[in-house]
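I opened this model to look up a few side chains, a sheet and the cores. These are my notes, in the order I took them.

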Amino acid sequence: MKKLLIFGAGAMLALSCLHTSAQEKKLASLTKEDFIADFRLAVDILKKQHPNPYKFTDSLTFERSVDSLLKVMGKESDMLACLQYSPVYLVRDVHTSLRLSNDHSRELYASMRFFPFPVVIERGKIFVNIKGAAIPFGAEITSINNTPAKDVLRSLATSAYSDGFITTGMDRLYPDFQVVFSLQSPHQVTYPVTYLAPGSKESRKVSLTASNPTETYHATRQSVFPFNLLQRAYYIYNNYFDDSQTGLLTVNTFAINEADAYKEFSEFFREVKKRNYKQVIIDIRSNGGGNPAISALLYSFLADAPFRNVYNYRTRTIDIAYPEYAVADNGRRLSDEDIQSNRNFLYQRFDKDSSGFYVGNARLKEGQLENFPPDKDAFHGKVYVLTGGGTVSAATYFASLVQKNKRGEVIGKETGSGEAATTAAWFRNYLLPRTKCVLTVPLSELYFFNATKDNGRGIIPDREVPMDKFIGYTQADKDPEITYTLELIEAAHKASR
């Protein structure tokens, strides 16, 4: 049985967990039995609360997988080893997570030794992602601990889960490779590594000393890739390339209000029109989603004609499983009034259909513009959309609008959430009583374009950067997808002369 890591991408370094009571037990004082007990509770919550836990499996397979994990956990001699196992991957849902509390995250981070430097993971290969280390930047790591790289990545695959059968979750995982991989052996002193230096076919070996937390965090901050850190530091960021007459709009979230979104989108496209640009690139590779209405708003600036903006929500249950463990985002336990208000909200907006699911009614969809017109400042030139495993939820919906309406070319990798459906809208946090881990479960599925089936795949790009080009761009300190797209634009320009 594969190991299932408890942390989602960014959970350790960003400490993006809920605050809990200062009275919680220290991590070191927790026992294996504590983790097993809360593991069982988390499984039961998922079965009762998740909107569709058996969409990509069945109840029998699910139970067998749970039993297998519990048996493996029971054989672990080190309590920290229990942190490798989590039931959340079993539902194959990118939005479900199980995390340590802030205090326990800090305690764990301080107690570990780590693989000494950051990496880039690309299509089954591991590359060094720092300059000045014992292994040159861009070198391909072919084995760690005498284990081939492909097997190292296979052991991490369950930590990089996405919706359904999508495998591009490594896009979100690789920034936390030092933490997630080191958790498999948190006290390891040295790492034997084999690698291929850039441009060389000769395998080399080196023994790397594990790093302490301070060194690890510093090394992470020195990562070379990704290169567009400025663009990723803002919700929305604009670039203009006069030499190629191309505008670049980086949109890192759709979780923004309509007024702010419209201001940003409108200013960009007005500037593109003012400069008489012929093409735009929309970068949503790091967009974790938000409101699909904002996705449609952005697409209205690209649309040539009114378009269908159709989506709805459904769930197996509108109740709250284990209300005694439900907490707000700040860690406060939900009151009886909070719980009743939540029940009333869902009861008013969902109707049960003949299949036993609750489906969003007219009240839930109030204000949703299904026949969406183009914006008055809509752009009519060529459109390129950049996607990857970090393109999730409402961001996938935007890519789908572009692809279904044949309005542009999608470049990159398969999106991290489903083309037909994902989970979204409302989330419930549960504070597990013994370990104080936080289980976050979405309350609803989101179906796009009146879909009735979900094959568990995301938006498949029209083009992917060839692997040799990806390596060349990275070693030259260039963003692979943006550089590749600009080269396509230049080639098209030359061909039209």
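Predicted model: local features only at pLDDT ≥ 70, side-chain atom pairs only at ≥ 80, totals over all residues.

**Entry 1: glutamine 368.** The side chain of glutamine 368 reaches the backbone oxygen of tyrosine 311 at 3.2 Å. I then checked asparagine 309. Its backbone oxygen lies 3.3 Å from a polar atom of the glutamine 368 side chain. I listed the contacts next, skipping residues up to four places away in sequence: Asn309, Val310 and Tyr311. Where does glutamine 368 sit? I found it in the loop between strand E15 (358–360) and strand E16 (371–372). Is glutamine 368 buried or exposed? The relative accessible area came out at 18%. The cut-off for buried is under 20%, so glutamine 368 counts as buried. Glutamine 368 and glycine 472 are 104 residues apart in sequence and 45 Å apart in space, C-alpha to C-alpha.

**Entry 2: glutamate 122.** I turned to another polar residue. Glutamate 122 lies in strand E2, residues 119–122. I read a relative accessible area of 3% for glutamate 122, which makes it buried. What does its side chain pair with? I found a polar contact with the side chain of arginine 123, at 2.9 Å. Leaving out residues up to four places away in sequence, glutamate 122 touches Phe127, Lys413, Met467 and Phe470.

**Entry 3: helix H8.** I went through helix H8, residues 213–221, for burial. Its buried residues are Pro213, Thr216, Ala219 and Thr220. Why do I call this one side of H8? They cover an arc of only 130° around the axis, so they fall on the same side of the helix. I looked at the face turned away from that buried side and found the exposed residues Thr214 and Arg221 there. I checked the N-terminal end too. Asparagine 212 caps H8 there, with a side-chain oxygen 3.1 Å from the backbone nitrogen of threonine 214.

**Entry 4: the five-stranded sheet.** I traced an open sheet in the order E8-E9-E10-E17-E18, with mixed pairing. Which strands are at the edges? They are strand E8 (236–241) and strand E18 (409–412), and each pairs on one side only. E17 and E18 pair in the parallel sense, over four bridges. H10 lies across E8, E9 and E10, and runs at about 5° to E8.

**Entry 5: the cores.** I finished with the nonpolar cores. How many residues does the largest one have? I got 47, and those with the most contacts inside it are Phe265, Phe269 and Phe398. Elements that each supply at least two residues include helix H10 (258–274), strand E9 (246–251), strand E17 (382–387) and helix H13 (394–404). H13 gives the most, with seven residues.

How values were computed
Residues numbered from 1 in each chain as written. Heavy atoms only, no water. Core = buried A, V, L, I, M, F, W, Y, C linked by side-chain atoms within 4.5 Å. Buried < 20%, exposed > 50% of the residue type's maximum accessible area, 1.4 Å probe, protein only. Contact = heavy atoms within 4.5 Å. Polar contact = N/O pair within 3.5 Å; in protein donor to acceptor, adjacent residues only side chain to side chain. Pairing = 2+ DSSP bridges. Axes fitted to C-alpha atoms, helices over the stretch in contact; angles between N-to-C directions. Arc of directions from axis to C-beta.
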